[in-house]
Amino acid sequence: MTDKELYQIAESMLPRSYAPFSEFHVGAALLTAKGEVYTGVNVENSSLGGTICAERTAFVKAISEGATDVKAIAVACDKGEALPCGICRQFMYEFGDDLRIITGTDSEHIRVHTITELLPLGFRLRPGHKGD
Ligand code: THU
C-alpha cells in the first residue's frame, strides 16, 4: 500500500462525512502493520462540541477491533489540505512515535509528517508506553 493509495482511500470516504454544520468534509484511512485499513469520517453534532474528527473515528474503529500497531493515516478534505487538529495529534500520539501522517490537496500533491513532527514533546501518562 503506497501513501498515494492510502490517501485515495481517505478521499473515497468523503461522501460519508457527516458535516452539516461546517460543510468541511474529511475522510481518513489508517494502515496497520498487518496491512489492514480502517477508514473514518468526521461526524458532527448539534452540540458542536460532540463532533468527532475523521482521524479519531478511524483510530477508534481500529483500536476497538484490536489493531493497535498503526503505521500511517491519510487525511483528505474537500476544502484543501487538512492537517490534524491538536486533539487528534494528542490522541494519535498515544499509539507511537513513528506514526506517519499523510495529508494533501489531492493524490498528486501529498505531504508526509511523523506524529512527533506535528506534536513535539507530546504528553504520555506512562512515559515509554506506546499503545501497549
Ligand atoms: N476535522 C477533521 O475531521 N479532521 C481534521 O484534520 C480537521 C478538522 C473536522 C472537524 C469538523 O467536523 C470539521 O472538520 C471542521 O473543523
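Helices (H or I, at least four residues) and strands (E, at least two) are DSSP runs, numbered from the N terminus. This structure is a predicted model, in which local features need pLDDT of at least 70, side-chain atom pairs count only at pLDDT 80 or more, and totals for chains, interfaces and linings use all residues. Residues are numbered from 1 along each chain as its sequence is written, while side-chain values use heavy atoms, with hydrogens and water left out. The structure holds six salt bridges, and a search of the whole of it finds zero disulfides.

**Ligand surroundings**

- The residues around the ligand are S22, F24, V26, N42, E44, T51, C53, A54, E55, L83 and P84; a residue is near a molecule if one of its heavy atoms lies within 4 Å of it.
- By class, this shell has six nonpolar, three polar and two charged residues. Here Ala, Val, Leu, Ile, Met, Phe, Trp, Tyr, Cys and Pro count as nonpolar, Asp, Glu, Lys and Arg as charged, and the others, Gly among them, as polar.
- A polar side-chain atom of E55 lies 2.6 Å from an oxygen atom of the ligand.
- The backbone also takes part: a polar backbone atom of A54 is 2.9 Å from a ligand oxygen atom, and a backbone N or O atom of L83 lies 3.4 Å from an oxygen atom of the ligand.

**N42 in the ligand shell**

- N42, one of the residues surrounding the ligand, lies in the loop between strand 2 and helix 2.
- N42 is buried, with a relative accessible area of 5%; buried means under 20% relative accessible area, exposed over 50%, and partly exposed in between (1.4 Å probe, protein chains only).
- The side chain of N42 makes a polar contact with the side chain of S17, at 2.6 Å. A polar contact is a pair of N or O atoms within 3.5 Å; within protein, one must be able to donate a hydrogen and the other to accept it, and residues adjacent in sequence count only if both atoms are side-chain atoms.

**Cysteines**

- A disulfide is a covalent bond between the sulfur atoms of two cysteines. The criterion applied here is a pair of cysteine sulfur atoms within 2.5 Å.
- For C53, the closest cysteine sulfur is that of C88, and the distance of 3.8 Å is too far for a bond.
- For C77, the closest cysteine sulfur is in C53, 11 Å away, which is also too far for a bond.
- C77 is buried, at a relative accessible area of 6%.

**Salt bridges**

- A salt bridge is a side-chain nitrogen of Lys or Arg within 4 Å of a carboxyl oxygen of Asp or Glu.
- K4 forms a salt bridge with E108, and the closest N and O atoms are 2.9 Å apart. This pair links distant parts of the chain, 104 residues apart: K4 is in helix 1 (residues 3-12), and E108 is in the loop between strand 4 (100-106) and strand 5 (109-114).
- K4 is partly exposed at 33% relative accessibility, whereas E108 is exposed at 57%.
- D69 and K71 meet through their side chains in a salt bridge of 3.8 Å, N to O. D69 is partly exposed, at 41%, and K71 is partly exposed, at 44%.
- K79 and D78 form a salt bridge of 3.4 Å, N to O. K79 is partly exposed, at 49%, and D78 is partly exposed, at 38%.

**Backbone angles**

- L48 is found in the loop between strand 2 (37-41) and helix 2 (54-64). Its phi is near 65°, a positive value in a residue other than glycine, and L48 is exposed, with a relative accessible area of 53%.
- L121 is placed in the segment after helix 4 (115-118). L121 has a positive phi of about 55° although it is not a glycine, and L121 is exposed, with a relative accessible area of 87%.

- A62 is in helix 2 and is buried, with a relative accessible area of 0%.
- A62 and V37 are 25 residues apart in sequence and 8.4 Å apart in space, C-alpha to C-alpha.
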